[in-house]
Amino acid sequence: MKFSVGYQQDPLWVDAIIARAAHVQDVYFAYGAMPSGRRAVRNVDRQLEDLGRLADAGLALHLLFNANCYGAQAVSKAFFATVGETIERFAADGALTGVTTTSPLIAKFVKANFPDLKTRASVNMEIGTVEGMDYLADVFDGYYLKRECNRDLAAVKVAHDWCVAHGKELFLLANSGCLNFCSSHIFHDNLVAHEAEVDHAACAYAYRGTCWTWLAKAENRAKWSTRTNFIVPEDVARYEGLCTAMKLATRANANPVRILESYVTGSHLGDIKSLLEPNHSQLFT
């Protein structure tokens, strides 16, 4: 199995990705302060150096435009000019191979202006049916399957077979720590997309995530394993031939090296919760 891994600013992590290059499909990243599913990169110059090292090592780069909301700029000419300039920055040397986005319009823009790049529908779009894939087949080359489908191998096979029949690729997010069918998921993703504005606002409430408040109750922690959708490293082999690659959420985890090692070797190292994003380990101590 190949793995798509997320960039974070940690030299040991960059070294680990290069060392495990044979197992890495690509390295995904959001550039600078561009809104995405995670906080903005701290040091853009350092990011460019790290991405250059990864590209020089022969690793494919994959750019994220996966914020759940781009606000008033979502359809503006200025916004798409920025998207185009960002893609051109990384596509020039051939290391950039694709873009993952939540926006059908960004996907359309990429297909029209950068036809050599592959487009993937973000897992944040929550596409869990072949109908959902079919609706956007003109702008997406691949799809991340809805998290809640992960442990249903029959559903994964249906999605895979449709993708094969239509010349598409299927990807799975292996180590999400999110709760199944989270009622606050869209709200939380929107909040993260606007974090730069939120950080400068006089906030009435602090919001960490519904999963944290729900799992704070002991009776709910007892249900944790049945309310999650992660794939344990030991089960990766069961998915061979059913997806192009598995995505590993590693942009925010404190130990991304351990995540990659666990999934590459097929044996989780330490507490399985520590391999997930979000990592709720502290609630179980």
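This is a predicted model: local features need pLDDT of at least 70, side-chain atom pairs count only at pLDDT 80 or more; totals for chains, interfaces and linings use all residues.
**Entry 1: the Asp15 end of a salt bridge**

I started at aspartate 15, which comes out partly exposed at 36% relative accessibility. The partner of aspartate 15 is arginine 53, and their closest N and O atoms sit 2.7 Å apart.

How many salt bridges does the structure hold? I get eleven. I went through a few of them.

Arginine 120 pairs with aspartate 26, with 2.5 Å between the closest N and O atoms. Arginine 120 belongs to strand E5 (residues 118-121) and aspartate 26 to strand E2 (residues 24-29), so the link is between parts 94 residues apart in sequence. Buried or exposed, these two? Both arginine 120 and aspartate 26 are buried.

Next I checked aspartate 50 with arginine 46, where the closest N and O atoms are 3.3 Å apart. Both are in helix H2, and because they are four residues apart, about one helical turn separates them. Aspartate 50 is buried, its relative accessible area being 4%. Arginine 46, at 29%, counts as partly exposed.

I also found a network: Glu126, Lys146 and Glu148 are joined by salt bridges that share partners.

**Entry 2: around Lys146**

What does lysine 146 contact once its neighbours within four places in sequence are left aside? My list has Glu126, Ile127, Gly128 and Phe181.

Glutamate 126 has a positive phi, about 55 degrees, though it is not a glycine. Phenylalanine 181 likewise has a positive phi, about 50 degrees, and is no glycine either. I flagged them because most residues other than glycine have a negative phi.

Glutamate 126 is in the loop between E5 and helix H5 (130-135), and at 29% relative accessible area I have it as partly exposed. Phenylalanine 181 is in the loop between strand E7 (169-173) and helix H7 (185-193). At 60% relative accessibility, phenylalanine 181 counts as exposed.

I then looked up asparagine 253, which sits in the loop between strand E8 (245-248) and helix H11 (256-265). It counts as buried, with 5% relative accessibility. Leaving out neighbours within four places in sequence, I see asparagine 253 in contact with Gln8, Ile259, Ser274, Leu275, Leu276, Glu277 and Asn279. I checked one of those pairs by C-alpha atoms: asparagine 253 and asparagine 279 are 26 residues apart along the chain, with 7.4 Å between them.

Glu277 from that contact list got another line in my notes. Glutamate 277 and proline 278 are joined by a cis peptide bond, with omega about -5 degrees. I marked it since most peptide bonds are trans. Proline 278 lies in the segment after H11.

**Entry 3: H1 against H11**

At what angle do H1 and H11 pack? I read about 20 degrees, with the axes 9 Å apart. That makes the two helices, H1 and H11, roughly parallel. H1 passes H11 in a left-handed crossing. From H1 the contact takes Leu12, Trp13, Ala16 and Ile17, and from H11 Pro256, Val257 and Leu260. I sorted the residues of this contact into seven nonpolar, no polar and no charged.

**Entry 4: H3 against H4**

Last pair. Helix H3 (residues 77-91) packs with helix H4 (residues 104-113) at an angle of about 55 degrees, and the axes are 11 Å apart. H3 and H4 are therefore oblique to each other. Their crossing is right-handed. On the H3 side I noted Phe79, Phe80, Val83, Gly84 and Ile87, meeting Leu105, Ile106, Phe109 and Val110 in H4. My tally for the contact of H3 with H4 is eight nonpolar, one polar and no charged.

Key
Residues are numbered from 1 along each chain as its sequence is written. Side-chain values use heavy atoms; hydrogens and water are left out. Axes are lines fitted to C-alpha atoms, for helices over the stretch in contact, and angles run from 0 to 180 degrees between N-to-C directions. Angles under 35 degrees count as roughly parallel, over 145 as roughly antiparallel, 65 to 115 as roughly perpendicular and the rest as oblique. A crossing is left-handed if the near helix is turned anticlockwise from the far one by less than a right angle, and right-handed if clockwise. Contact means heavy atoms within 4.5 Å. Ala, Val, Leu, Ile, Met, Phe, Trp, Tyr, Cys and Pro count as nonpolar, Asp, Glu, Lys and Arg as charged, and the others, Gly among them, as polar. A salt bridge is a side-chain nitrogen of Lys or Arg within 4 Å of a carboxyl oxygen of Asp or Glu. Buried means under 20% relative accessible area, exposed over 50%, partly exposed in between (1.4 Å probe, protein chains only).
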